[in-house]
Every structure is written in structure tokens, then in C-alpha cells.
Amino acid sequence: QRLLRRACHAVNLAKERGVWLKPPLIELLHRSYDRILQEGFAFHEAQPPLVRASERKRRGRQRRRTGHNLLLRLSERRQDVLRFLTDADVPFTNNQAERDGRMMKVKQKISGGFRSEEGANIFVTIRSLISTAKKQGWNILETLSTDPTALIRSLRAI
């Protein structure tokens, strides 16, 4: 966690200066990431296996601890996790995606759900349009009152 936060800070500082991270720094961050993963795997391999609630043998793979599963995911998705170091279009977090989905959950929580699938689809479409308008810096009221075919054409032009 500390390494990723420091990497994020370094990327943000570089963006403020209008430069990219230097390749030697990126390589150092990659090596540090790999070393931390190796230490984590060594720790988990040294742990005794998890015992199932019932002691009888079951088929399938052996259960893993939560931390071990996280290490596997971070290892398998290494390029995706560290992509923010080299691609300015990739944000460090997915907070925007989480914010975009939050309104749907709030609507479900307040009203207990939707009366029909069609109503849910209309709600999602309008929320998606509002979110896109905000991200593009458009006037939301103008966007909502614009002809949908004109909006589609302008989105394709982007």
C-alpha cells in the first residue's frame, strides 16, 4: 500500500510539472512491487494450510487466505495495477466508476427498487447521460433537452 501511494504521489508531482516519470524510476517501482509480492508469497507459503470446518477430504483446490488471494490477483494483474505509471489516461483509483454507480444504489435503497425493468433502464440511461455531461463539461440542462441523435453524433466525434 505504501509503495503504491508513493508511486501515485510521484505521478501526480510529474503531472504538475508537465513531465513523465523517468524510465529508471518506473523500473525501480516495478522491481519494488515484484519484491513485495515475493515477500508476501514467501510469507503465505510458510503458513500452515487452512483447515476446513469438516475434516473429511473434499475435491477441488485448497482454500487460501484472503491476503494470499489478494497477492495472486496483484501478481496476475501486475500490468493493470501499475499502468497509471506510464499512461496518463489511466487514473490511480476507480473512484469515478464507483461514484457513477452510487446513484443506482441510493435509488434502490430509498425506494426499495424499481417497479419495472424498463424504469430501471430509463433511470440508468439518464444517470449515464448526466455523468457523461459532467465529465465533458457540458451544460446538464442543455444536454438533457438536446435531441438524442445529435448527442450520439457529438459523442462519436469525441
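This is a predicted model: local features need pLDDT of at least 70, side-chain atom pairs count only at pLDDT 80 or more; totals for chains, interfaces and linings use all residues.
**View 1. Arg78 reaches Asp34 in a salt bridge.** The closest N and O atoms of this pair are 2.7 Å apart. Asp34 counts as partly exposed, at 28% relative accessibility.

**View 2. Arg35 and Glu39 pair up within helix H2.** Their closest N and O atoms lie 3.1 Å apart in a salt bridge. Because the two sit four residues apart in the helix, about one helical turn separates them. Both partners are partly exposed: Arg35 has 43% relative accessibility, and Glu39 has 47%.

**View 3. Asp80 meets Arg77 in another salt bridge.** This time the closest N and O atoms are 3.6 Å apart. Shared partners join Arg77, Asp80 and Arg83 into one salt-bridge network. Asp80 is partly exposed at 37%, and so is Arg77 at 47%.

**View 4. Here is the largest nonpolar core, with 15 residues.** Leu21, Leu29, Phe84 and Leu85 touch the most other members. Helices H1 and H2 (23–46) each supply at least two of the core's residues. Setting aside neighbours within four places in sequence, Leu85 is in contact with Ala7, Val11, Leu21, Ile26, Leu29 and His30.

**View 5. Asn12 sits in helix H1 (residues 2–17).** Asn12 is partly exposed, at 36% relative accessible area. Asn12 and Phe92 are 80 residues apart in sequence, yet their C-alpha atoms are 9.7 Å apart in space.

Key: Residues are numbered from 1 along each chain as its sequence is written. Side-chain values use heavy atoms; hydrogens and water are left out. Buried means under 20% relative accessible area, exposed over 50%, partly exposed in between (1.4 Å probe, protein chains only). A nonpolar core is a set of buried Ala, Val, Leu, Ile, Met, Phe, Trp, Tyr and Cys residues joined through side-chain atoms within 4.5 Å. Contact means heavy atoms within 4.5 Å. A salt bridge is a side-chain nitrogen of Lys or Arg within 4 Å of a carboxyl oxygen of Asp or Glu.
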